[in-house]
Amino acid sequence: MKLSFTNFLILSASCIASIANAQDKIVGGTEVNPPGRYEYQAALVDGSGSQFCGGSLIAPGYVLSAAHCAGIGSAVQIGRHDLSDSSEDFENINVVTEITHPDYNDSTLENDIMILKLESDSSAQPVEYDTGSADTSAGEDVTVMGWGTTQSGGSSSDVLLEVEVDIVSNSDCESDYGSGAITDVMMCAARDGKDSCQGDSGGPLVIVGSDAATDVQVGIVSWGNGCADPSFPGVYARVSEFTDFIECVLSGGTDECGNTGLGGGDDWWGDWDDNWGWNDDNATWGDDSWGNNTDDWDDDYGFGGGIIDVIIDLIYAIIELLSSLSRK
Ligand code: 4AZ
C-alpha cells in the first residue's frame with residue numbers, strides 16, 4: 001500500500017495518541033464502571049478537602065485505612081467517583097478518632113493499619129474483611145482501587161480507577177525486596193504494568209464478588225518500590241492478621257486497641273498530649289489547630305481569642321507544617 005503523506009500524518013498522530021494512552025494506564029487502571037460499584041471505597045480528605053489516601057467502610061461508623069495515612073486528614077468522603085465533580089452526591093463524614101495499630105512501625109511499615117471512627121454512620125454497604133477464610137494463595141486474582149497516581153511520580157486520577165493484580169507469595173516477594181522486608185502481616189500483588197501507586201494508600205485490595213456485599217477485603221495498600229516496576233510487587237497489609245485489632249475497635253474500643261490520635265500533627269509527638277486529656281476531646285482531627293480558635297487545645301486551656309492564643313496557634317501551625325514536611 002502506498003502511504004500518502006496525509007495518511008502518514010494521521011497514522012503517526014494516532015500512534016502517538018495510543019502511546020500517550022498506554023502511559024496513562026501505566027498502572028493499568030480502568031475507570032470503575034458503574035460508578036459506585038465499590039460503594040465502601042472512602043476518600044480520606046485533608047482540611048481543605050483534598051484526597052490524600054484511600055480507605056474502606058468496614059462497619060457503618062468505621063473506615064479501615066493504613067497507619068501511614070494518620071495525622072493528615074479530617075474527614076472521609078464515601079460515595080465519590082469523580083473528585084473533580086463537586087455536584088456529586090456523597091457523604092462527607094468527620095473523623096472522631098484515628099486508631100493506629102499499637103505495633104505500627106513507620107520505618108518497616110509493619111502493621112500499617114488504622115481504623116477511623118466516624119462522627120456519624122455511613123449508609124453505604126460496608127465491605128467484608130477477611131478473617132482468614134479467603135484464598136490468598138499465589139496467583140489468585142485480586143482488585144485494588146483508588147484515586148492515586150497513574151504512574152510513579154505522576155499525577156493522580158480524578159475518577160476512581162481499579163486494577164486487577166495477582167497475589168505474589170511472601171517468599172517470592174521477599175526475594176525481590178530482600179530478606180526480612182516482607183513479614184507475615186504483609187502480602188504482595190503484581191501484574192505486568194499494573195499496580196497501586198501513591199495516593200492509593202489505605203485503600204482496599206479485594207477479592208471481587210458479584211457485588212459490594214460479596215467482595216472480601218484481603219489487603220490494605222501500604223508500600224512498594226515505585227509502581228508497576230516488574231522487579232517490585234506492591235505491598236499490602238494482610239487484613240486477616242488483624243482480626244483482633246479490628247474487632248477490638250469495632251466493639252467500641254479506642255485506647256485499649258491501639259494508639260489514638262486526631263491527626264494534623266498529633267502523631268509528631270505521639271499522644272502524650274492526649275494522655276493529659278487535652279487533645280482527644282474534640283471530634284476534629286487537626287483542622288482546627290490551624291488557628292480557627294474554635295475547639296483548639298489552647299482554647300481548652302481557656303486562653304480565649306487573645307494575642308497569646310494567636311501566638312500559640314502560630315507555633316502549633318509551624319510545628320504541624322514542619323511535621324507534614326518531614327513526612328513527605
Ligand atoms: C505510596 O507511596 C505507594 N506500588 C503506594 C503503593 C505502592 C507504592 C507506593 C505500591 O503510597
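Predicted model: local features only at pLDDT ≥ 70, side-chain atom pairs only at ≥ 80, totals over all residues.
**Stop 1: around Ala134**

Show the C-beta atoms within 10 Å of Ala134. There are 18 others, so Ala134 is partly exposed; a residue with 20 or more would be buried. Draw a distance between the C-alpha atoms of Ala134 and Val218: the two are 7.5 Å apart in space, although 84 residues separate them in sequence.

**Stop 2: around Leu83**

Move to Leu83, which is in the loop that joins strand 5 (75-78) and strand 6 (91-100). Is Leu83 buried or exposed? Leu83 is buried, because 20 other C-beta atoms lie within 10 Å. Now select Ala43, Gln51, Trp147 and Asp158. Each is in contact with Leu83, leaving aside neighbours within four places in sequence. For Trp147, check the C-alpha distance to Leu83 as well: it is 8.4 Å, and the two residues are 64 places apart along the chain.

**Stop 3: around the ligand**

Finally, select the ligand and the residues around it. One stretch to pick includes Asp195, Ser196, Cys197 and Gln198, together with Asp200 and Ser201. What kinds of residue make up the shell around the ligand? Colour the shell by type: four residues are nonpolar, five are polar and two are charged.

How values were computed. Residues numbered from 1 in each chain as written. Near = placed C-beta within 6 Å. Nonpolar A, V, L, I, M, F, W, Y, C, P; charged D, E, K, R; others polar. Helix = DSSP H or I, 4+ residues; strand = E, 2+ residues; numbered from the N terminus. Buried ≥ 20, exposed ≤ 12 C-beta atoms within 10 Å, placed from the backbone. Contact = placed C-beta atoms within 7 Å.
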